[in-house]
Each structure stands twice: as structure tokens, then as C-alpha cells.
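I opened this notebook to record what I looked up in one structure. The entries follow the order in which I took up each topic.

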Amino acid sequence: ERFRAVQAASPDGFMLFESVRDAAGRVVDFAWVYTNPAAERVVGHAHEALVGRRLLDVMPGNREDGLFAAYVDVVET
């Protein structure tokens, strides 16, 4: 609860994701677990509309612009 209270008051956007893996263990997407109000403003979607959804469904451009590959690299290293 403290974590949520601090994040709710933060002016900085914060999002927490869970990696989604295929049968071979490769990261194929990320699912939203948490967003704070500042992050909601950054991505233009409410918390309720993001949590449980997949990143590439909501923001498919992340694959084309290389952000998805960078996210995968962070998780794998």
C-alpha cells in the first residue's frame, strides 16, 4: 500500500510489466501490472484500460522503433 501511495503522488510516470514468454521461453510481449497516474497521462490510457493488457496490442509501434527489443534486452540481461 505504501508503494502505491508513493507512486500515486509521484510526478514521474511509472509502469510495471510482467514478461510474456512463448513455449521456448522467449519474451514475446509484456503485460501491464501497474501504472501510476503520471504514466496514464504519458500513454493516454487509464490504469483500468492497461492492466492485464499486452504492450504490443496497445503500443505496436514499440516493436518498429526498437523499444521492444530494448525492453527484452533489459529483462534477459
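**Entry 1**

I looked up the contacts (heavy atoms within 4.5 Å) of Leu50: leaving aside neighbours within four places in sequence, Leu50 meets Trp32, Thr35, Val43, His45 and Val58. I note that this is a predicted model, in which local features need pLDDT of at least 70, side-chain atom pairs count only at pLDDT 80 or more, and totals for chains, interfaces and linings use all residues. Residues are numbered from 1 along each chain as its sequence is written, and side-chain values use heavy atoms, with hydrogens and water left out.

I then asked which residues form the largest nonpolar core. The term denotes a set of buried Ala, Val, Leu, Ile, Met, Phe, Trp, Tyr and Cys residues joined through side-chain atoms within 4.5 Å; buried means under 20% relative accessible area, exposed over 50%, and partly exposed in between, with a 1.4 Å probe and protein chains only. I found ten residues: Val27, Phe30, Trp32, Val43, Leu50, Leu55, Leu56, Val58, Phe68 and Val72. Two or more of these residues come from each of S2, helix H4 (55–58) and helix H6 (67–76).

**Entry 2: Chain overview**

I recorded six helices and two strands in the protein chain, taken as DSSP runs numbered from the N terminus (helices H or I, at least four residues; strands E, at least two). Along the sequence their pattern reads α-β-β-α-α-α-α-α. The C-alpha atoms fill a box of roughly 40 × 25 × 20 Å along the principal axes. Of the chain's 77 residues, 27% count as buried. Of the contacts between residues at least 6 apart in sequence, 40% join residues at least 24 apart.

**Entry 3: Asn36**

I located Asn36 in the loop between strand S2 (27–35) and helix H2 (37–43). Is Asn36 buried or exposed? Asn36 counts as buried because its relative accessibility is 0%. Not counting residues up to four places away in sequence, I found Asn36 touching Gln7, Ser10, Asp12, Gly13 and Phe14. A polar atom of the Asn36 side chain lies 3.0 Å from the backbone nitrogen of Phe14.

**Entry 4: Gly52**

I found Gly52 in the loop between helix H3 (47–50) and H4. With a relative accessible area of 57%, Gly52 is exposed. I also looked up the C-alpha separation of Gly52 and Glu18: the two residues are 34 apart along the chain, and their C-alpha atoms are 9.3 Å apart.

Methods
A polar contact is a pair of N or O atoms within 3.5 Å; within protein, one must be able to donate a hydrogen and the other to accept it, and residues adjacent in sequence count only if both atoms are side-chain atoms.
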